[in-house]
Amino acid sequence: MATVPRSWDPDAPIVPPPDGVQSDFTNPPNGNGTMNGVVSFSLALTVVVWTLYAYGRTKHSLHLDDYLAVIAIGTFVVFHIFVYRITATTGYFVRGWNLQHKDQAWHLFNIFITTTMYNVAMIFLKAAILLQWARIFAPGERNLFFWLCYSVALLNAVFYLVTILIELLTCHPLQYYWDRSIPGGYCVNDDLLSPLSAAINVIIDLTILFIPQRVIWKLNLPFKKKLGVSVVFIAGILCIVFATIRLRWAVTLLTAGDYAYDVSYEILYGSLEMTFAFLAFSLPGVPRPFSALMQTTKSYLERAVQSSFGTKTTISRLFTRRGSSEAKEDYLDADERGLVSVAKASSAKSSVSGQQKLSIPMNNLSQEAQDLEILRTTTFNMSEGYVSDNNIDVKGILPQHHSWEPLSTKPEAHQT
């Protein structure tokens, strides 16, 4: 959190206006439209993706990281509630000379709550990500990677708890943080807290991103699958990008003369940072609910068409494609089985890829059956005997013969 104004004059502007500029306390220019648009997109994207993830998790057993994510999403929503409250009071990107100290109490209170909710969300969200890494990349093991994930999660929690404690003890009484009219109230100098915490936050984000990379590239997976696994971390990279930009503005606020205006950037990039952190956590489980929804939609449509036309259709081909079952065995399925197990399965499958596959008609097979591969075939001979009879059409039963040769009247067996 950046430095807050230490002086309080009810009717004076927070920042003296430049020469030739008149303060506008009634309807000051602002960036509420831009801010609301960005944070609304951020909130909607996060809630939708996390809801899909949560829907997918209901099909399987829940883990500790799932419960931590529930707390994190709750604090994330509360964070944005108070972000919108700033829009309804003082607004965003409003120059300090257009704001009076007596009107800034709600502004400072909302900033205090959003800062606290950000810190609380990061405790549980980053812990959820790290525990998810441990479950995916070290399933059922207590190796170095497992303890590294848990150690970083613990250090992250301690760091944010200390940050929250410092925020709570900065002003005495606490209400003086936003209400400067309280007699005898004071705040200690916490100017370095915001840039220092932002810098440590970036370091933790980088650590979380790079911890699993060595494990991923050592797995016995084809290069394309390894690349696909790493693509999931794009959300984590964007999270670090916005955390770094937020760090830049935290440093800027040390010397900035217009806190009310510049702090809007910190809130904006903080919202985006949390959004992509949630995406990094949720993406591994998102395809499962998509698949379930498509299967449900397919079933409804098939029943609807069958009831209308009285015949079955092949609607399933509109919703599935060859290789979909194989895709379920890739990394996105590792959320349940662990990536090491998926890698072993992929290795076993590739070991038999050189065997000859049998090509058979699949018109009457389900799509799931068509996705399977025949790994071994068995050839056997069977003898069948047929007796010729005048009342039986022997065409296609007796061995092939030339048109100028008469059919034999002697029963004979045909070996197939």
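Predicted model: local features only at pLDDT ≥ 70, side-chain atom pairs only at ≥ 80, totals over all residues.
Local features need pLDDT of at least 70 and side-chain atom pairs count only at pLDDT 80 or more, while totals for chains, interfaces and linings use all residues. Residues are numbered from 1 along each chain as its sequence is written, and side-chain values use heavy atoms, with hydrogens and water left out.

Let's start with the overall picture. The chain has 15 helices and four strands; these are DSSP runs numbered from the N terminus, with helices being H or I of at least four residues and strands E of at least two. Of the 416 residues, 43% are buried, where buried means under 20% relative accessible area, exposed over 50%, and partly exposed in between (1.4 Å probe, protein chains only). The accessible surface comes to about 22900 Å², and carbon and sulfur atoms hold 62% of it; the areas come from the Shrake-Rupley method with a 1.4 Å probe, and for residues only the protein chains shown count as cover. Among contacts (heavy atoms within 4.5 Å) with a separation of 6 or more, 76% are between residues 24 or more positions apart.

Now for the charged pairs. A salt bridge here is a side-chain nitrogen of Lys or Arg within 4 Å of a carboxyl oxygen of Asp or Glu, and by this rule there are six. One of them joins Asp-258 to Arg-95, with the closest N and O atoms 3.5 Å apart. Asp-258 sits in the loop between helix 8 (234–255) and helix 9 (259–282), and Arg-95 in the loop between helix 2 (64–88) and helix 3 (105–137), so the pair links distant parts of the chain, 163 residues apart. Asp-258 is buried at 7% relative accessibility, whereas Arg-95 is partly exposed at 31%.Another salt bridge brings together Asp-205 and Lys-126, at 2.8 Å from N to O. Asp-205 lies in helix 5 (residues 193–210) and Lys-126 in helix 3, so this pair ties together parts that are 79 residues apart in sequence. Both partners are buried: Asp-205 has 7% relative accessibility and Lys-126 has 2%.

Glu-266 and Arg-246 make a further pair, their closest N and O atoms being 3.9 Å apart. Here helix 9 supplies Glu-266 and helix 8 supplies Arg-246, so parts 20 residues apart in sequence are tied together. Glu-266 is buried, at 8% relative accessible area, and Arg-246 is buried too, at 9%. Together with Glu-273, these residues are linked in a network of salt bridges.

What does His-80 touch? This residue is found in helix 2 and is buried, with a relative accessible area of 0%. Leaving aside residues up to four places away in sequence, His-80 touches Val-39, Ser-42, Leu-43 and Ser-271.

A search of the whole structure finds four cavities of 30 Å³ or more. On a 1 Å grid over the protein atoms alone, a cavity is a set of points where a 1.4 Å probe fits but cannot get out, and lining residues have an atom within 4 Å of a point. Grid points are joined across faces, edges and corners, and a volume is the space filled by probe spheres set on the points. The second largest cavity holds about 170 Å³. It is lined by 14 residues, of which Ile-129, Asp-205, Ile-208, Gly-236 and Ala-280 are the closest to its centre. Helix 3, helix 5, helix 8 and helix 9 each give two or more residues to this lining. By class, the lining of the second largest cavity has 11 nonpolar, one polar and two charged residues; Ala, Val, Leu, Ile, Met, Phe, Trp, Tyr, Cys and Pro count as nonpolar, Asp, Glu, Lys and Arg as charged, and the others, Gly among them, as polar.

Terms used
1 Å grid on protein atoms, 1.4 Å probe; cavity = no way out; pocket = protein on both sides within 12 Å on 5 of 7 lines; lining within 4 Å.
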